[in-house]
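Please look through the sequence and the structure first, and then work through each task before reading its solution.

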Amino acid sequence: MDDDPSRRGQPSNHTIFGVDMAILAGDALFPLGFRHIVSQTPPDLVPETRLLRVIAEIARAVGSTGMAAGQFLDLEGSTNAVDFVQEKKFGEMGQCSAVCGGLLAGASDDEIQQLRIYGQAVGVLYQVVDDILEAKVKKEENEEEKKKSKSYVSVYGVEKAMEVADELRSQAKKELEGLEKYGDKVLPLYSFLDYAADRGFSFTPPV
Amino acid sequence: MAFSTLSTYSSNTYIPKTLSPINRRHTIRCSSSPISTQFDIKTYWTALIKEIDQKLNDAVPLQHPKPIHESMRYSLLADGAKRAPTVMCVSAFELFGGNRVAAMPTACALEMVHAASLVHNELPCMDDAPSRRDQPSNHSKFGVNLAILTGDSLFTLGFRHIVAQTPTDIIPHDRLVRVITEIARTFGSTGMAAGRFLDLEFEPNTANFVREKKFGEMGQCSAACGGLLAGASDDEIQRLRKYGKSVGVLYQIVDDVLEAKTDGERKKEGKSYVSIVDDVLEAKTDGERKKEGKSYVSVHGVERAMEVAEGLRSQAKKELDGLEKYGDNILPLHSFVDYAVDRGSIDW
């Protein structure tokens with residue numbers, strides 16, 4: 001697929017365990033996710049109905065109209081699809097995570113929609129900013145762009161990518177404004193958005 | 001004629017929740033025949049196949065991106081699929097007197113996750129199968145990348161389908177959750193994935209049923225899901241599990257026996273006597289040899305394999321004995337076992 005020998009400095013699964021094991025590991029992690037939700041969520045706190053909605057949401061996000069679709073188009077490599085690919089590969093995960101939080105809490109349909117748009121925007125924003133930062137570094141080191149995937153930056157250039165990042169930031173903020181009645185509880189979601197955009201701090205790497 | 005048509009079971013019959021012998025069509029029993037020869041399994045099964053194929057077709061429309069969905073449809077709607085997981089699930093559900101409409105989404109989901117598993121198993125790095133039932137395997141036609149995504153997509157679709165399509169006025173949510181858990185467990189790291197791992201690890205000619213176990217897991221899961229949907233007792237679910245497991249394994253053993261027999265017959269022409277098993281091993285490609293060397297038949301031979309199959313048949317039937325109170329609702333499950341074993345001699 002992407003043929004990545006490593007991720008965040010760690011050798012990728014197939015590099016260490018082989019392709020066959022990597023496929024099995026992926027195939028086993030999926031159902032474990034669903035099993036984990038069911039076996040570990042306290043039933044007195046979350047009714048089964050909500051669990052089912054969460055399961056359906058995750059299945060949708062990962063499936064043939066979600067992340068798998070993004071992966072596929074990414075592999076095809078057409079520059080026309082770069083927006084779609086970004087949305088599907090990164091937006092879906094963000095969307096799904098935020099929505100699942102809302103579903104578990106029994107949020108209203110409107111609120112779920114707001115979380116969806118927020119999550120989608122943050123997901124894509126995070127990736128666009130990643131690409132921008134990478135492009136800046138590469139420029140300094142004069143490296144050649146060898147990545148298989150097309151990024152906003154490689155298709156539209158750094159300046160346009162930064163415009164897109166700003167737009168996404170506003171979009172996400174607007175949704176959070178609609179959730180203002182929850183007072184300080186919205187703060188983490190704001191901070192998360194700011195981090196995605198500014199990377200105001202870095203995580204200390206493990207010793 | 002092997003199957004009598006005196007007692008017919010229409011697939012469109014709505015079975016009332018409490019099945020009283022007085023309310024249904026009177027059946028004529030021949031005391032010397034085993035129970036299932038009065039049941040028209042052919043009609044029952046072909047009608048079910050038709051129904052499930054239609055539902056599966058509707059479940060995967062050709063939406064954007066087309067190639068993924070085309071690939072999903074290719075593997076899911078393969079010609080000649082017998083839909084064994086479906087039959088096990090629906091028959092197990094109908095045992096308790098429900099309307100199959102409620103079980104169909106789960107039955108469909110089982111076909112989807114089953115198909116997903118097969119697509120991944122056939123990959124070059126796994127079983128390396130170029131074809132299945134004379135149809136090119138998914139990766140042969142669409143490439144490895146798309147095959148991987150297709151398997152992933154079919155698997156997740158299964159779970160989505162159960163939640164989106166099961167009528168929740170008929171099936172309470174807690175049962176759906178149990179079904180989802182059952183399927184997730186079956187395919188996870190202690191179920192199928194473990195089996196597939198062992199399949200990769202073991203040297204050929206180690207007879208340990210590893211390959212057959214995978215089908216036992218599928219059968220077990222399907223039958224259990226039917227029972228879970230119907231709200232069966234824990235005891236009953238256990239029986240269905242054991243039944244499903246036996247049938248799954250024996251189905252595969254007989255499949256291999258039939259394959260060995262036809263290949264052997266082909267090879268025997270113009271040759272002096274050679275064992276069927278040797279011929280079979282000789283004729284296969286690398287990938288097929290990988291598979292063959294691990295099947296019970298290729299290691300122990302046809303005769304011993306059939307003995308094992310008969311043993312499994314008795315085992316399966318024994319579990320059904322404990323469910324006799326459901327009367328004629330049990331006929332499909334009985335017939336399914338007999339079909340699995342005897343189908344070599346039946347003209348379909």
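A nonpolar core is a set of buried Ala, Val, Leu, Ile, Met, Phe, Trp, Tyr and Cys residues joined through side-chain atoms within 4.5 Å. The model examined here is a predicted one.

**Exercise 1.** Find which residues touch the most other members of the largest nonpolar core, and which element gives the most to this core.

*Solution.* Begin with the core itself, which holds 111 residues, and in which B:Phe159, B:Ile183 and B:Tyr243 touch the most other members. Next, turn to the elements that supply this core: α10(B) gives the most, with 11 residues. Then take B:Tyr243 and leave aside its neighbours within four places in sequence; its contacts include B:Met88, B:Ala223, B:Leu333 and B:Phe336, and B:Glu319 is also among them. In general, nonpolar side chains in soluble globular proteins tend to be buried together.

**Exercise 2.** Decide whether A:Arg60 is buried or exposed, and work out where its salt-bridge partner A:Glu57 lies relative to it.

*Solution.* First, the closest N and O atoms of A:Arg60 and A:Glu57 are 2.9 Å apart, and the two residues form a salt bridge. Second, both residues belong to helix α3 (residues 48–62) of chain A, where they are three residues apart, about one turn of the helix. Third, buried means under 20% relative accessible area, so A:Arg60, at 16%, counts as buried, and A:Glu57, with 6%, is buried too.

**Exercise 3.** For the salt bridge of B:Arg83 with B:Glu111 and that of B:Asp234 with B:Arg178, state which parts of chain B are linked and how accessible each residue is.

*Solution.* In the pair of B:Arg83 and B:Glu111, the side chains meet at 3.1 Å, N to O. This pair links distant parts of the chain, 28 residues apart, with B:Arg83 in the loop between α2 (66–76) and α3 (84–95) and B:Glu111 in helix α4 (residues 104–121). B:Arg83 counts as buried at 5% relative accessibility, and B:Glu111 is buried with 4%.

In the pair of B:Asp234 and B:Arg178, the closest N and O atoms are 3.6 Å apart. B:Asp234 lies in helix α10 (residues 234–268) and B:Arg178 in helix α7 (residues 173–187), so the pair ties together parts that are 56 residues apart in sequence. B:Asp234 is exposed, with 56% relative accessible area, whereas B:Arg178 is partly exposed, with 42%.

Technical notes:
Residues numbered from 1 in each chain as written. Chains lettered and ligands numbered in written order. Predicted model: local features only at pLDDT ≥ 70, side-chain atom pairs only at ≥ 80, totals over all residues. Heavy atoms only, no water. Salt bridge = Lys/Arg side-chain N within 4 Å of Asp/Glu carboxyl O. Helix = DSSP H or I, 4+ residues; strand = E, 2+ residues; numbered from the N terminus. Buried < 20%, exposed > 50% of the residue type's maximum accessible area, 1.4 Å probe, protein only. Contact = heavy atoms within 4.5 Å.
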